[in-house]
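Here are a few notes to read alongside the model. Have it open while you go through them.

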Amino acid sequence: MCAGPDHYKPLAPPVGPEPVAMVPVLQLYAPDVPGLAFPDGTDLLQILWCPLVHDDGQYAPNPRLYWRSTEATANDPATGEPPRPHTAEEDFLPRSCTVSPTPAVEYPNWDLPKGFGGLLGSRFEALKEKRGYDFFEVATTQQSKVGGYPGWTQPPDWPDCAGCDTRMEHLLSITATEPGMGRWLPLEDRDPSRDESVTPPWQTAADPSVVDAIGHDMDLGDLGGMYFFVCRACPGIPHTHRYDC
Ligand SMILES: [Zn+2]
Ligand SMILES: [Zn+2]
């Protein structure tokens, strides 16, 4: 539950004193995401957030991140229906969906060194001329992801760890640009008979109607994202988040 005294739904009556139930946003099991290092004794990562705007400088949902053990949760199962928020900003309410972990090699987009994108411009154009693909289509992943670079839609804003003052590691991004608008479709949804000279294979669905059903369907303030960061060097693996839209 979130009892933030200053959270609100834009253009709606005040939230009132009753705490607001958080909503589940992401659940990852270790065997499904082999590239994600789980802290010792854990094999389940859960993210929930309060689906209201928080006056904390980011004007974003208030997230919580939990590393858990499935063995421990199996021994102490929750019962009954999960609570639902009595009010919410619809942009921050995910619909029920599953994840389809799909490996991709990623190069920086917003995180390219300053001026570097300009220097490489002619090579990007040559690539597009030769293969029909933009650098950003083949080398970056503007969608929800674990690892890689944050899915920024604004200039990077990497946090430093409060404990050791070094730049934190990008853990995962939840972005509003799911594969319908993003770039990498789940392997099982791709069209094996696509014509690679016409469209990139990772963007072509065998059944185009599945694309609308992919993803959490949140707007996040209009194509924004929530980015989670951790410091694995500090005790307790501190985490923080950034939001842009
Ligand atoms: Zn809240
Ligand atoms: Zn640290």
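1. A quick definition to start: Ala, Val, Leu, Ile, Met, Phe, Trp, Tyr, Cys and Pro count as nonpolar, Asp, Glu, Lys and Arg as charged, and the others, Gly among them, as polar. Keep in mind, too, that this is a predicted model.

2. With that sorting in hand, look at the second largest pocket. Its lining residues split into 10 nonpolar, 5 polar and 4 charged. The volume of this pocket comes to about 480 Å³. There are 19 lining residues, and Gln-46, Leu-48, Ala-78, Pro-82 and Pro-83 are the ones closest to the centre.

3. Which elements give two or more residues to the lining of the second largest pocket? They are β1 (23-29) and β2 (44-54). Of the elements, β2 gives the most, with 3 residues.

4. Now jump to the zinc ion (ligand 2). The SG atoms of Cys-161, Cys-164, Cys-231 and Cys-234 coordinate this ion, at 2.3 to 2.4 Å. Along the chain, the donors follow the spacing C-x2-C-x66-C-x2-C.

5. What about the geometry? Ideal angles for four tetrahedral donors at a metal are 109.5 degrees. Among the 4 donor atoms of the zinc ion (ligand 2), the angles run from 104 to 116 degrees, and the site is tetrahedral.

Conventions:
Residues are numbered from 1 along each chain as its sequence is written. Chains are lettered from A and ligands numbered from 1 in the order in which they are written. This is a predicted model: local features need pLDDT of at least 70, side-chain atom pairs count only at pLDDT 80 or more; totals for chains, interfaces and linings use all residues. Side-chain values use heavy atoms; hydrogens and water are left out. On a 1 Å grid over the protein atoms alone, a cavity is a set of points where a 1.4 Å probe fits but cannot get out, and a pocket is an open set with protein on both sides within 12 Å along at least five of seven lines; lining residues have an atom within 4 Å of a point. Grid points are joined across faces, edges and corners, and a volume is the space filled by probe spheres set on the points. Helices (H or I, at least four residues) and strands (E, at least two) are DSSP runs, numbered from the N terminus. Donors are N, O and S atoms within 2.8 Å of the metal (3.2 Å for Na, K and Ca); water is not among the atoms, so sites may look incomplete. Four donors count as tetrahedral if all angles lie between 85 and 135 degrees; four count as square planar and six as octahedral if opposite donors are over 155 degrees apart and all others between 65 and 115; anything else is irregular.
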